[in-house]
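Please look at the sequence and the model together before reading on.

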Amino acid sequence: MKKILTALLALTLLCSLALPTFAAQDITVKVDDKAVVWTDAYPFVNDDDRTMVPLRAVAEAMGMTVSWDDASETATFEKTVKYATYSCKTSVDFTLGETIAIVSYSYIFPNNTTADSFDVVEMDTAPVLVDDARTYAPMRYLAEAFFYDVSWDEGSATVSVESPNNAVYHEVVSTEDAKAPALIGYFAGESFAEYYGMKIDNVKVNGKAADFHLYTKEELAAYNKAFGTDFYVQLFALKGEYAYGEYTITWDTYDYDKDGKLSTTASENTITWAHVDPAASAEE
């Protein structure tokens, strides 16, 4: 009897190894309501409760190109989007075992003016290699780096990824002037058709109320003229002087609709601002 129990236990352990709990063929990923077709690799939910996907299949479904560097064990995803008045090439690097993703943006404007920026995104789970062949990474971080909207439906085990048409995004535009240190710029997504303006309110720096200046239409036009484009749809700047260092800026936005009616629901925004001494940067 003891030998039989031992055999059964060994068989149970063997089966559990052969069929890992993360093999979740029942997870569906949809890009703009079209299901991604998996061949020999499937998404799974890892121990950090994150949906991990075989990156090449889902990236190609979103129109990205994928490359792999053996030496650094890094997968790079790229996509160039042409907007009405400029283009933007976005590149995302995922490295195996690392919980940091590097996101780079390269903008090209009509007058051949260029601008580059990058973000270091901290993830709560790392990309992994499955069966020594497939690179898996968290779905949300890849999609959101390209400004896609991501949602999860528990009942159907479905990840929905929606293109960023008409969405409006923000970034720190300039941090070089100590007397007008942080300039927050909003720029629109693939179409400006559904953007009708916004109200900025409740601006705080490190949790304390801060004075700010919201650009007028005339000031915005003058700023955009320097780029030869209508790149930014709104700008606001902090007032006052700030010592060099890192700050957290938060603020609320209220959107106008096409009839000029202001929303009563605020969208909360947060950005980390690294206020760096340009003279010190030049010396490095």
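## Strands that pair around β4

Two strands are said to pair if DSSP finds at least two bridges between them. In this predicted model, strand β4, which covers residues 51–54, pairs with strand β11, residues 134–138, in the antiparallel sense over 3 bridges. One of the residues to look for is Val 53, whose bridge partner in β11 is Ala 137.

Strand β4 is also joined by 2 bridges to strand β3, residues 44–45, and these two run antiparallel as well; here Phe 44 has Met 52 of β4 as its bridge partner. The strands β3 and β4 form a hairpin with 5 residues between them, and Asp 49, which lies in the turn, has a positive phi of about 65°.

In a regular strand the side chains alternate between the two faces of the sheet. Which way do the residues of β4 point? Thr 51 and Val 53 point one way, whereas Met 52 and Pro 54 point the other way, and all of them are buried.

## An open sheet of five strands

The model also contains an open sheet of 5 strands, arranged in the order β5-β6-β7-β8-β9 with antiparallel pairing. Because β5 (65–69) and β9 (114–122) stand at the edges and each has a single partner strand, one side of each is left without a neighbour in the sheet. On average, and with direction ignored, neighbouring strands of this sheet are turned by 20° against each other.

Within this sheet, strand β7, residues 87–95, pairs with strand β8, residues 100–108, over 7 bridges in the antiparallel sense. Thr 90, for instance, has Tyr 105 in β8 as its bridge partner.

## The nonpolar cores

The largest nonpolar core has 38 residues, and those with the most contacts inside it are Val 58, Met 62, Phe 77, Phe 94, Met 139 and Leu 142. Helix α3, residues 139–145, gives the most to this core, with 5 residues. Leaving aside neighbours within four places in sequence, Phe 77 is in contact with several residues, including Leu 55, Val 66, Thr 90, Phe 94, Leu 142 and Phe 146. A second, separate core of 18 residues includes Ile 184, Ile 200, Tyr 242 and Tyr 247.

## The protein as a whole

The protein has 5 helices and 21 strands, and of its 284 residues, 37% count as buried. Among the contacts with a separation of 6 or more, 52% are accounted for by residues 24 or more positions apart. The protein exposes about 16,600 Å², of which carbon and sulfur atoms supply 51%.

Conventions
Residues are numbered from 1 along each chain as its sequence is written. This is a predicted model: local features need pLDDT of at least 70, side-chain atom pairs count only at pLDDT 80 or more; totals for chains, interfaces and linings use all residues. Side-chain values use heavy atoms; hydrogens and water are left out. A nonpolar core is a set of buried Ala, Val, Leu, Ile, Met, Phe, Trp, Tyr and Cys residues joined through side-chain atoms within 4.5 Å. Buried means under 20% relative accessible area, exposed over 50%, partly exposed in between (1.4 Å probe, protein chains only). Helices (H or I, at least four residues) and strands (E, at least two) are DSSP runs, numbered from the N terminus. Contact means heavy atoms within 4.5 Å. Axes are lines fitted to C-alpha atoms, for helices over the stretch in contact, and angles run from 0 to 180 degrees between N-to-C directions. Accessible areas come from the Shrake-Rupley method with a 1.4 Å probe; for residues, only the protein chains shown count as cover.
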